[in-house]
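The report that follows describes a single protein chain, moving from individual residues to the overall fold. Please keep the sequence and the model in view while reading.

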Amino acid sequence: MTTDIIDLKDPDFRREVLEAQEPVLVDFTAEWCAPCRAIKPALEALASEYKGRVKVARLDVDDNLVTAQEYGIRSMPTLLFFKQGKVVGQIVGAVPRAKLASAFQQVL
C-alpha cells in the first residue's frame, strides 16, 4: 500500500522539515505504541487529502533518538506542526480524525 507519509530519519530532518516550503506535520511514533497505530489510518487519509499543501512525515523515536530528544518527545504519539522551521502546533496522544483535520486547517 502506498502512503503519502514520509518516513524520516535524524539526518533528513533539517532538509525535510525545517527547510520545507510547506507546513509539515511530524508524527513522533514507535512500533510498540498502540495509540500510534490507532491514529495511523486517519493520518494516512489526511496526508493524501492535504498532499501538496501539508507534508506529513513519521519519525520512529526508537531509531531516531537525536531528533526525539531535541524536541523533548516524552509521549507517543506526539504530533508537531512546523511552519517555516518553527513548531506552530502540537497534539499529544491519540485524538479523533476531526481534531487532526482541524489542526491541519490551522497550519494552512
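R37 is found in helix α2, where helices (H or I, at least four residues) and strands (E, at least two) are DSSP runs numbered from the N terminus. With a relative accessible area of 47%, R37 is partly exposed; on this scale buried means under 20% relative accessible area, exposed means over 50%, and partly exposed lies in between, with a 1.4 Å probe and protein chains only. Once its neighbours within four places in sequence are left aside, R37 is in contact with E31 and W32, contact meaning heavy atoms within 4.5 Å. The C-alpha atoms of R37 and A94 are separated by 9.0 Å, although these residues stand 57 residues apart along the chain.

## Basis of the model

This is a predicted model, in which local features need pLDDT of at least 70 and side-chain atom pairs count only at pLDDT 80 or more, while totals for chains, interfaces and linings use all residues. Residues are numbered from 1 along each chain as its sequence is written, and side-chain values use heavy atoms, with hydrogens and water left out.

## Overall fold

The secondary structure of the protein comes to four helices and five strands, and from the N terminus on the elements run β-α-β-α-β-α-β-β-α. The C-alpha atoms fill a box of roughly 30 × 30 × 25 Å, taken along the principal axes.

Of the 108 residues of the protein, 48% count as buried. Among the contacts with a separation of 6 or more, 71% are accounted for by residues 24 or more positions apart.

## The disulfide

The structure holds one disulfide, a term used here for a pair of cysteine sulfur atoms within 2.5 Å. It joins C33 to C36, with an S to S distance of 2.2 Å. The torsion about the S-S bond of C33 and C36 is about 80 degrees, so the disulfide is right-handed. C33 is buried, with a relative accessible area of 2%, and C36 also counts as buried, at 5% relative accessibility.

L43, like R37, lies in helix α2, and L43 is buried, with a relative accessible area of 1%. Leaving aside neighbours within four places in sequence, L43 is in contact with I5, L25, D27, L79 and L100. The C-alpha atoms of L43 and V26 are separated by 10 Å, and the two residues are 17 residues apart along the chain.

T29 has its place in strand β2 and is buried, with a relative accessible area of 9%. Not counting residues up to four places away in sequence, T29 touches C36, R58, L59, D60, V61 and M76; C36 in this list is also one of the two disulfide partners.

## The largest pocket

The largest pocket has a volume of about 300 Å³. On a 1 Å grid over the protein atoms alone, a pocket is an open set of points where a 1.4 Å probe fits, with protein on both sides within 12 Å along at least five of seven lines, and lining residues have an atom within 4 Å of a point. Grid points are joined across faces, edges and corners, and a volume is the space filled by probe spheres set on the points.

The pocket is lined by 15 residues, of which D7, T29, E31, R58 and D60 lie nearest its centre. At least two lining residues each come from β1 (5-8), β2 (24-29), α2 (34-49) and β3 (55-60). By class, the lining has four nonpolar, two polar and nine charged residues, where Ala, Val, Leu, Ile, Met, Phe, Trp, Tyr, Cys and Pro count as nonpolar, Asp, Glu, Lys and Arg as charged, and the others, Gly among them, as polar.

## Loop features

A cis peptide bond, with omega about -5 degrees, joins M76 and P77, and P77 lies in the loop between α3 (65-70) and β4 (78-83). Q84, found in the loop between β4 and β5 (86-92), has a positive phi of about 55 degrees although it is not a glycine. At 68% relative accessibility, Q84 counts as exposed.
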